[in-house]
Amino acid sequence: MIRSALTISLPILFGFVPLGIAFGLLFQELGYPWYFASLMAIFVYAGAAQFMAIGLLSSGIGLLEIAISTFFLNSRHMFYGLAFLESFGNWNLRKLYLIFGLTDETYALMTTIKVPKNFTKERYYFFITLFAQLYWVLGCTIGALTANALSFNTNGMEFAATALFVVLLIEQWVKVKRLLPFVIAFIASAIALLFFIKHMLLVAIILSIASIVLLRLIKIQSNE
Amino acid sequence: MNEINYLLAAMLVMTVATYITRLTPFLLFGKGQESSLFNYISKSTPPMVMTILVIYMLKDVEYLTFEIVYTFIALLVTAGLHIYKRNALLSIVSGTIVYMIFVQT
(Lines give C-alpha, C1' and ligand atoms only; values in the text may rest on other atoms or scores of the structure.)
Protein backbone atom coordinates (compact mmCIF):
# COMPACT_ATOMS: atom_id res chain seq x y z
CA MET A 1 0.00 0.00 0.00
CA ILE A 2 2.80 2.38 0.93
CA ARG A 3 4.52 1.87 -2.40
CA SER A 4 1.30 2.41 -4.34
CA ALA A 5 0.55 5.60 -2.38
CA LEU A 6 4.10 6.79 -3.00
CA THR A 7 3.84 6.22 -6.75
CA ILE A 8 0.47 7.90 -7.05
CA SER A 9 1.62 10.89 -4.97
CA LEU A 10 4.72 11.55 -7.13
CA PRO A 11 2.98 14.17 -9.31
CA ILE A 12 2.63 16.22 -6.13
CA LEU A 13 6.37 15.94 -5.62
CA PHE A 14 6.94 17.77 -8.87
CA GLY A 15 4.55 20.48 -7.86
CA PHE A 16 5.62 20.85 -4.24
CA VAL A 17 9.40 20.62 -4.34
CA PRO A 18 10.00 23.49 -6.78
CA LEU A 19 7.32 25.61 -5.11
CA GLY A 20 8.80 24.80 -1.69
CA ILE A 21 12.28 25.71 -2.90
CA ALA A 22 10.91 29.04 -4.10
CA PHE A 23 9.37 29.59 -0.68
CA GLY A 24 12.59 28.67 1.14
CA LEU A 25 14.63 31.02 -1.01
CA LEU A 26 12.28 33.96 -0.40
CA PHE A 27 11.90 33.13 3.27
CA GLN A 28 15.64 33.33 3.80
CA GLU A 29 15.54 36.97 2.80
CA LEU A 30 13.77 37.66 6.10
CA GLY A 31 16.97 36.66 7.87
CA TYR A 32 15.65 33.95 10.20
CA PRO A 33 17.51 30.66 10.71
CA TRP A 34 16.84 28.21 7.87
CA TYR A 35 14.94 25.67 9.99
CA PHE A 36 12.05 28.08 10.47
CA ALA A 37 11.21 27.48 6.81
CA SER A 38 10.95 23.76 7.63
CA LEU A 39 8.88 24.47 10.74
CA MET A 40 6.49 26.56 8.66
CA ALA A 41 6.12 23.67 6.22
CA ILE A 42 5.49 21.24 9.08
CA PHE A 43 3.01 23.30 11.10
CA VAL A 44 1.38 25.88 8.84
CA TYR A 45 1.51 23.72 5.69
CA ALA A 46 -0.31 26.08 3.36
CA GLY A 47 1.47 27.16 0.19
CA ALA A 48 -0.26 30.41 -0.65
CA ALA A 49 -0.49 31.50 3.00
CA GLN A 50 3.21 30.88 3.55
CA PHE A 51 4.12 33.05 0.59
CA MET A 52 1.79 35.74 1.84
CA ALA A 53 3.34 35.44 5.30
CA ILE A 54 6.76 36.42 3.95
CA GLY A 55 5.33 39.78 2.95
CA LEU A 56 3.41 40.21 6.18
CA LEU A 57 6.31 39.22 8.41
CA SER A 58 8.71 41.58 6.71
CA SER A 59 6.32 44.44 7.39
CA GLY A 60 6.00 43.41 11.05
CA ILE A 61 2.21 43.40 10.83
CA GLY A 62 0.01 42.48 13.85
CA LEU A 63 -0.94 38.93 14.72
CA LEU A 64 -4.65 39.57 14.29
CA GLU A 65 -4.09 40.76 10.73
CA ILE A 66 -2.00 37.67 10.05
CA ALA A 67 -4.79 35.45 11.42
CA ILE A 68 -7.50 37.16 9.38
CA SER A 69 -5.55 37.21 6.12
CA THR A 70 -4.58 33.57 6.51
CA PHE A 71 -8.15 32.62 7.25
CA PHE A 72 -9.55 34.36 4.20
CA LEU A 73 -6.79 33.24 1.90
CA ASN A 74 -7.43 29.63 2.89
CA SER A 75 -11.19 29.79 3.19
CA ARG A 76 -11.63 27.90 -0.08
CA HIS A 77 -10.48 24.86 1.90
CA MET A 78 -13.83 24.97 3.67
CA PHE A 79 -15.35 23.43 0.57
CA TYR A 80 -12.72 20.76 0.14
CA GLY A 81 -13.72 18.72 3.17
CA LEU A 82 -17.19 18.14 1.70
CA ALA A 83 -15.78 15.48 -0.59
CA PHE A 84 -14.32 13.50 2.30
CA LEU A 85 -16.96 13.55 5.04
CA GLU A 86 -17.40 9.80 4.65
CA SER A 87 -14.08 8.62 3.37
CA PHE A 88 -11.89 10.09 6.12
CA GLY A 89 -13.51 7.59 8.48
CA ASN A 90 -14.13 7.93 12.19
CA TRP A 91 -12.72 10.64 14.42
CA ASN A 92 -9.19 9.75 15.44
CA LEU A 93 -5.68 11.16 15.11
CA ARG A 94 -5.44 9.97 11.54
CA LYS A 95 -8.59 11.85 10.56
CA LEU A 96 -7.31 14.99 12.28
CA TYR A 97 -4.10 14.69 10.26
CA LEU A 98 -5.95 14.02 7.00
CA ILE A 99 -7.91 17.22 7.59
CA PHE A 100 -4.74 19.11 8.47
CA GLY A 101 -3.13 17.95 5.23
CA LEU A 102 -6.03 18.84 2.93
CA THR A 103 -4.31 21.21 0.50
CA ASP A 104 -5.23 22.11 -3.09
CA GLU A 105 -2.94 19.38 -4.36
CA THR A 106 -4.02 16.54 -2.05
CA TYR A 107 -7.66 17.46 -2.55
CA ALA A 108 -7.19 17.45 -6.30
CA LEU A 109 -5.37 14.15 -6.30
CA MET A 110 -7.56 12.30 -3.82
CA THR A 111 -10.83 13.30 -5.45
CA THR A 112 -9.48 12.12 -8.81
CA ILE A 113 -7.83 8.77 -8.10
CA LYS A 114 -9.54 5.46 -7.47
CA VAL A 115 -8.37 3.73 -4.31
CA PRO A 116 -7.28 0.17 -5.21
CA LYS A 117 -9.90 -2.32 -4.04
CA ASN A 118 -7.78 -4.19 -1.50
CA PHE A 119 -6.75 -1.00 0.37
CA THR A 120 -8.57 0.81 3.16
CA LYS A 121 -9.46 4.26 1.88
CA GLU A 122 -8.45 6.26 4.93
CA ARG A 123 -5.10 4.49 5.28
CA TYR A 124 -4.35 5.01 1.60
CA TYR A 125 -5.28 8.69 1.89
CA PHE A 126 -3.12 8.94 5.00
CA PHE A 127 0.02 7.88 3.17
CA ILE A 128 -0.70 10.18 0.22
CA THR A 129 -1.20 13.09 2.62
CA LEU A 130 1.95 12.22 4.56
CA PHE A 131 4.09 11.92 1.42
CA ALA A 132 2.70 15.17 0.06
CA GLN A 133 3.66 17.00 3.22
CA LEU A 134 7.11 15.40 3.19
CA TYR A 135 7.65 16.75 -0.34
CA TRP A 136 6.61 20.20 0.82
CA VAL A 137 8.88 20.12 3.89
CA LEU A 138 11.69 18.83 1.71
CA GLY A 139 11.22 21.63 -0.84
CA CYS A 140 11.01 24.42 1.75
CA THR A 141 14.09 23.08 3.56
CA ILE A 142 16.18 22.72 0.41
CA GLY A 143 15.21 26.24 -0.62
CA ALA A 144 16.15 27.75 2.73
CA LEU A 145 19.39 25.79 3.02
CA THR A 146 20.63 26.53 -0.46
CA ALA A 147 19.49 30.16 -0.55
CA ASN A 148 23.08 31.31 -0.75
CA ALA A 149 24.53 28.44 -2.72
CA LEU A 150 21.97 27.50 -5.34
CA SER A 151 23.53 27.00 -8.74
CA PHE A 152 20.66 25.21 -10.49
CA ASN A 153 18.41 27.56 -12.41
CA THR A 154 14.87 26.80 -11.19
CA ASN A 155 13.19 29.50 -13.28
CA GLY A 156 9.97 28.20 -14.75
CA MET A 157 9.75 25.18 -12.45
CA GLU A 158 6.60 26.65 -10.95
CA PHE A 159 4.81 25.45 -14.07
CA ALA A 160 4.76 21.97 -12.50
CA ALA A 161 1.83 23.00 -10.30
CA THR A 162 -0.14 24.22 -13.33
CA ALA A 163 0.70 21.02 -15.20
CA LEU A 164 -0.48 18.94 -12.22
CA PHE A 165 -3.86 20.68 -12.21
CA VAL A 166 -4.18 20.30 -15.99
CA VAL A 167 -3.54 16.57 -15.69
CA LEU A 168 -6.08 16.25 -12.88
CA LEU A 169 -8.58 18.30 -14.87
CA ILE A 170 -8.31 15.82 -17.74
CA GLU A 171 -8.71 12.94 -15.26
CA GLN A 172 -11.80 14.64 -13.83
CA TRP A 173 -13.22 14.90 -17.30
CA VAL A 174 -12.65 11.18 -17.89
CA LYS A 175 -14.29 10.43 -14.55
CA VAL A 176 -17.28 12.81 -14.60
CA LYS A 177 -18.13 13.03 -18.31
CA ARG A 178 -20.70 15.79 -17.76
CA LEU A 179 -19.99 19.16 -19.31
CA LEU A 180 -22.04 21.21 -16.84
CA PRO A 181 -19.63 21.52 -13.86
CA PHE A 182 -16.75 22.52 -16.14
CA VAL A 183 -18.82 25.13 -17.98
CA ILE A 184 -20.19 26.59 -14.75
CA ALA A 185 -16.72 26.78 -13.22
CA PHE A 186 -15.38 28.42 -16.36
CA ILE A 187 -18.06 31.11 -16.35
CA ALA A 188 -17.71 31.62 -12.59
CA SER A 189 -13.92 32.03 -12.99
CA ALA A 190 -14.41 34.59 -15.73
CA ILE A 191 -16.79 36.59 -13.55
CA ALA A 192 -14.47 36.31 -10.54
CA LEU A 193 -11.48 37.43 -12.63
CA LEU A 194 -13.37 40.41 -14.01
CA PHE A 195 -14.80 41.69 -10.75
CA PHE A 196 -12.99 40.12 -7.80
CA ILE A 197 -9.49 39.41 -9.03
CA LYS A 198 -8.01 39.65 -5.52
CA HIS A 199 -10.22 36.89 -4.19
CA MET A 200 -10.62 35.04 -7.46
CA LEU A 201 -10.30 31.51 -6.08
CA LEU A 202 -12.82 31.87 -3.29
CA VAL A 203 -15.35 33.87 -5.31
CA ALA A 204 -15.18 31.44 -8.21
CA ILE A 205 -15.71 28.43 -5.93
CA ILE A 206 -18.66 30.03 -4.11
CA LEU A 207 -20.26 31.16 -7.40
CA SER A 208 -19.85 27.69 -8.91
CA ILE A 209 -21.34 25.86 -5.95
CA ALA A 210 -24.19 28.36 -5.65
CA SER A 211 -24.99 27.99 -9.37
CA ILE A 212 -24.92 24.23 -9.31
CA VAL A 213 -27.21 24.14 -6.25
CA LEU A 214 -29.58 26.59 -7.91
CA LEU A 215 -29.73 24.60 -11.14
CA ARG A 216 -30.30 21.41 -9.19
CA LEU A 217 -33.13 22.92 -7.18
CA ILE A 218 -34.79 24.25 -10.33
CA LYS A 219 -34.53 20.81 -11.90
CA ILE A 220 -36.03 19.11 -8.84
CA GLN A 221 -38.87 21.67 -8.82
CA SER A 222 -39.72 21.16 -12.47
CA ASN A 223 -39.73 17.39 -12.04
CA GLU A 224 -42.31 17.49 -9.29
CA MET B 1 8.42 41.59 21.01
CA ASN B 2 11.56 39.71 20.19
CA GLU B 3 11.96 38.76 16.51
CA ILE B 4 11.90 34.99 16.99
CA ASN B 5 8.94 35.18 19.37
CA TYR B 6 7.09 37.25 16.79
CA LEU B 7 7.77 34.63 14.14
CA LEU B 8 6.71 31.79 16.44
CA ALA B 9 3.49 33.60 17.41
CA ALA B 10 2.76 34.31 13.73
CA MET B 11 3.32 30.66 12.87
CA LEU B 12 0.99 29.54 15.64
CA VAL B 13 -1.71 31.95 14.52
CA MET B 14 -1.36 30.82 10.90
CA THR B 15 -1.44 27.16 11.86
CA VAL B 16 -4.67 27.61 13.80
CA ALA B 17 -6.33 29.79 11.14
CA THR B 18 -5.46 27.31 8.38
CA TYR B 19 -6.59 24.34 10.40
CA ILE B 20 -9.94 25.96 11.17
CA THR B 21 -10.66 26.43 7.46
CA ARG B 22 -9.91 22.76 6.77
CA LEU B 23 -11.80 21.45 9.80
CA THR B 24 -15.02 23.45 9.39
CA PRO B 25 -16.93 21.19 6.98
CA PHE B 26 -16.23 18.16 9.15
CA LEU B 27 -17.64 19.93 12.19
CA LEU B 28 -20.67 21.35 10.36
CA PHE B 29 -21.69 18.22 8.53
CA GLY B 30 -21.73 14.84 10.17
CA LYS B 31 -21.30 11.60 8.34
CA GLY B 32 -25.01 10.93 8.15
CA GLN B 33 -25.63 14.03 6.06
CA GLU B 34 -26.12 12.14 2.82
CA SER B 35 -29.04 13.92 1.18
CA SER B 36 -29.12 13.68 -2.59
CA LEU B 37 -28.50 17.40 -3.00
CA PHE B 38 -25.51 17.19 -0.69
CA ASN B 39 -24.16 14.24 -2.61
CA TYR B 40 -24.61 16.11 -5.83
CA ILE B 41 -22.64 19.08 -4.50
CA SER B 42 -19.72 17.01 -3.26
CA LYS B 43 -19.61 15.11 -6.58
CA SER B 44 -19.68 18.26 -8.70
CA THR B 45 -17.17 20.23 -6.65
CA PRO B 46 -13.94 18.44 -7.73
CA PRO B 47 -14.35 19.08 -11.50
CA MET B 48 -15.32 22.68 -10.75
CA VAL B 49 -12.38 23.24 -8.40
CA MET B 50 -9.96 21.73 -10.91
CA THR B 51 -11.23 24.03 -13.67
CA ILE B 52 -10.92 27.03 -11.35
CA LEU B 53 -7.42 26.09 -10.19
CA VAL B 54 -6.15 25.79 -13.76
CA ILE B 55 -7.58 29.18 -14.66
CA TYR B 56 -6.20 30.63 -11.43
CA MET B 57 -2.69 29.40 -12.24
CA LEU B 58 -2.89 30.99 -15.69
CA LYS B 59 -4.46 34.27 -14.68
CA ASP B 60 -1.18 36.19 -14.49
CA VAL B 61 0.08 35.21 -17.92
CA GLU B 62 0.52 38.43 -19.84
CA TYR B 63 -1.34 38.33 -23.08
CA LEU B 64 0.00 39.74 -26.31
CA THR B 65 3.49 38.68 -25.25
CA PHE B 66 5.73 35.73 -26.02
CA GLU B 67 4.81 34.36 -22.57
CA ILE B 68 1.31 33.43 -23.71
CA VAL B 69 2.75 31.54 -26.68
CA TYR B 70 5.13 29.33 -24.71
CA THR B 71 2.66 28.85 -21.87
CA PHE B 72 0.20 27.60 -24.46
CA ILE B 73 2.81 25.28 -25.97
CA ALA B 74 3.70 23.87 -22.54
CA LEU B 75 0.00 23.35 -21.76
CA LEU B 76 -0.46 21.63 -25.10
CA VAL B 77 2.48 19.30 -24.43
CA THR B 78 1.14 18.48 -20.94
CA ALA B 79 -2.45 17.89 -22.03
CA GLY B 80 -1.56 16.19 -25.32
CA LEU B 81 0.85 13.75 -23.71
CA HIS B 82 -1.64 13.05 -20.97
CA ILE B 83 -4.49 12.29 -23.33
CA TYR B 84 -2.14 10.12 -25.39
CA LYS B 85 -0.31 8.24 -22.60
CA ARG B 86 -2.35 8.83 -19.40
CA ASN B 87 0.87 8.91 -17.39
CA ALA B 88 0.60 11.84 -14.96
CA LEU B 89 4.28 12.00 -14.12
CA LEU B 90 5.39 11.94 -17.74
CA SER B 91 2.91 14.68 -18.70
CA ILE B 92 3.87 16.97 -15.81
CA VAL B 93 7.64 16.57 -16.16
CA SER B 94 7.58 17.02 -19.96
CA GLY B 95 5.34 20.08 -19.83
CA THR B 96 7.47 21.66 -17.12
CA ILE B 97 10.75 21.00 -18.97
CA VAL B 98 9.34 22.57 -22.14
CA TYR B 99 8.21 25.58 -20.10
CA MET B 100 11.59 25.91 -18.36
CA ILE B 101 13.48 25.77 -21.64
CA PHE B 102 11.40 28.67 -22.97
CA VAL B 103 11.71 30.72 -19.77
CA GLN B 104 15.45 30.28 -19.48
CA THR B 105 16.38 31.00 -23.10
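**Figure 1. Chain A is built from helices.** In this predicted model, chain A has 11 helices and 0 strands. Follow the chain along its sequence and the pattern reads α-α-α-α-α-α-α-α-α-α-α. Its C-alpha atoms fill a box of roughly 65 × 45 × 35 Å along the principal axes. How does the radius of gyration of chain A fit that of a compact globule? For 224 residues, a compact globule would come out near 17 Å, and chain A has 19 Å, which agrees.

**Figure 2. Chain A splits into two assigned domains.** The domain assignment gives domain 1 of chain A as 2-176 and domain 2 of chain A as 178-224. Taken over C-alpha atoms, their centres are separated by 26 Å. How many residues does each domain bring to the contact? Domain 1 of chain A puts in 4 residues, and domain 2 of chain A puts in 6 residues. On the domain 1 side of chain A, the residues touching domain 2 of chain A come down to 2 nonpolar, 1 polar and 1 charged.

**Figure 3. Helix 10 of chain A packs against helix 11 of chain A.** Here we zoom in on helix 10 (residues 179-195) and helix 11 (residues 200-223) of chain A, whose axes are 8 Å apart and meet at an angle of about 135°. Angles from 65 to 115 degrees would count as roughly perpendicular and those over 145 as roughly antiparallel, so helix 10 of chain A and helix 11 of chain A are oblique to each other. Their crossing is right-handed. Residues to look for on helix 10 of chain A include A:Pro181, A:Ile184, A:Ala188 and A:Leu193. Among their partners on helix 11 of chain A are A:Met200, A:Val203, A:Leu207 and A:Ile212. Serines turn up on both helices too, including A:Ser189 in helix 10 of chain A and A:Ser208 and A:Ser211 in helix 11 of chain A. Which kinds of residue make up this contact, nonpolar, polar or charged? The tally for helix 10 of chain A with helix 11 of chain A is 12 nonpolar, 3 polar and no charged.

**Figure 4. Chain B has its own pair of domains.** Chain B is divided into domain 1, covering 1-33, and domain 2, covering 46-105. The C-alpha centres of these two domains of chain B lie 32 Å apart.

**Figure 5. Chain B meets chain A.**

**Figure 6. Helix 2 of chain A runs alongside helix 1 of chain B.** The axes of helix 2 (residues 35-43) of chain A and helix 1 of chain B come within 10 Å and cross at roughly 20°. That makes this pair of helices, one from chain A and one from chain B, roughly parallel. Helix 2 of chain A passes helix 1 of chain B in a right-handed crossing. From helix 2 of chain A, look for A:Phe36, A:Leu39, A:Met40 and A:Phe43, which meet B:Leu7, B:Met11 and B:Thr15 in helix 1 of chain B. By kind, this contact between helix 2 of chain A and helix 1 of chain B has 6 nonpolar residues, 1 polar and no charged.

Technical notes: Residues numbered from 1 in each chain as written. Chains lettered and ligands numbered in written order. Predicted model: local features only at pLDDT ≥ 70, side-chain atom pairs only at ≥ 80, totals over all residues. Domains from an automatic or database assignment. Contact = placed C-beta atoms within 7 Å. Nonpolar A, V, L, I, M, F, W, Y, C, P; charged D, E, K, R; others polar. Axes fitted to C-alpha atoms, helices over the stretch in contact; angles between N-to-C directions. Helix = DSSP H or I, 4+ residues; strand = E, 2+ residues; numbered from the N terminus. Parallel < 35°, antiparallel > 145°, perpendicular 65-115°, else oblique. Left-handed = near helix turned anticlockwise from the far one by under 90°. Rg over C-alpha atoms; globule rule 2.2 N^0.38 Å.
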